[in-house]
Amino acid sequence: YTLHAIAEDAEGNTRRFGPRTITCDNANAVEPFGEIDTPSQGGTIDGSQYVNFGWALTPQPNAIPTDGSTIVVYIDGISRGNAVYNNYRSDIATALPGYANSDGAVGYFQFDTTGYQDGVHTIAWSVTDDAGNSSGIGSRYFTILNTSSDQSNRMAATAENRVTPLY
């Protein structure tokens, strides 16, 4: 593929970049791939039981362990745990048959947004297959905006239980 880009600033000045030639070789790829589905890029979320969804596959003969132990979820650059993996989704199973995990490519990670400050945060997944191949399969910026009553309850619980929120 040959890429060309044109950038335009606020005053209408343009600059051309390229051409740059890249080669894609999916037939010989060995790293896991996939994407984060929720939250949406730039989306706003809230709640004590928010579910972050995504999916991941890796080329055969490798597989991603179905217990999710090698799918690490990072929030604001800090490892927060592993996704629950091996859930079916018909569009992925149909579009990408023939992978070891085609019928269980979906994972999810549930977390409590009230343990974070309102504002912009990041989420990312890192996936490693059983052959040791690793890849980041997605990252997102998103905004946490909990209701004022949730914030009051969070502050009261923190003071009462002397719990330090995850900021």
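Two salt bridges are counted in this predicted model, where a salt bridge is a side-chain nitrogen of Lys or Arg within 4 Å of a carboxyl oxygen of Asp or Glu. Residue numbers start from 1 along each chain as its sequence is written. Because the model is predicted, local features need pLDDT of at least 70 and side-chain atom pairs count only at pLDDT 80 or more, whereas totals for chains, interfaces and linings use all residues; side-chain values use heavy atoms, with hydrogens and water left out.

| Salt bridge | N to O distance |
|---|---|
| Arg89 and Asp37 | 2.6 Å |
| Asp91 and Arg89 | 2.7 Å |

Arg89 lies in the loop between strand S8 (84–87) and helix H1 (90–95), and Asp37 in the loop between strand S3 (33–36) and S4, so the pair ties together parts that are 52 residues apart in sequence. Helices (H or I, at least four residues) and strands (E, at least two) are DSSP runs, numbered from the N terminus. Arg89 is partly exposed, at a relative accessible area of 29%, as are Asp37 at 24% and Asp91 at 43%. In these terms, buried means under 20% relative accessible area, exposed over 50%, and partly exposed in between (1.4 Å probe, protein chains only).

S4 runs parallel to strand S11 (residues 134–144), to which two bridges join it, and Thr44 stands opposite Thr143 in S11.

Strand S6 (residues 71–75) has four of its five residues buried, so it is largely enclosed by the rest of the structure. S6 is antiparallel to strand S10 (residues 119–128), with five bridges between them, and Ile75 stands opposite Ile123 in S10. Four bridges join S6 to S7, again in antiparallel fashion, and the bridge partner of Val73 in S7 is Gly81. The hairpin of S6 and S7 has two residues between the strands, and Asp76 there takes a positive phi near 55°.

**The nonpolar core**

A nonpolar core is a set of buried Ala, Val, Leu, Ile, Met, Phe, Trp, Tyr and Cys residues joined through side-chain atoms within 4.5 Å. The largest has 24 residues, of which Ile71, Val73, Ile75, Phe111, Ile123 and Trp125 touch the most other members. At least two residues of this core come from each of strand S5 (50–57), S6, strand S9 (106–111), S10 and S11, and S5 gives the most, with four residues. Contact means heavy atoms within 4.5 Å. Not counting residues up to four places away in sequence, Ile75 touches Arg80, Phe109, Phe111, Tyr116, Thr122 and Ile123.

**Gly119**

Gly119 lies in strand S10 and is partly exposed, at 24% relative accessibility. Leaving aside residues up to four places away in sequence, Gly119 touches Phe142, Thr143 and Ile144. Gly119 and Asn146 are 27 residues apart in sequence and 9.5 Å apart in space, C-alpha to C-alpha.

Notes
Two strands pair if DSSP finds at least two bridges between them.
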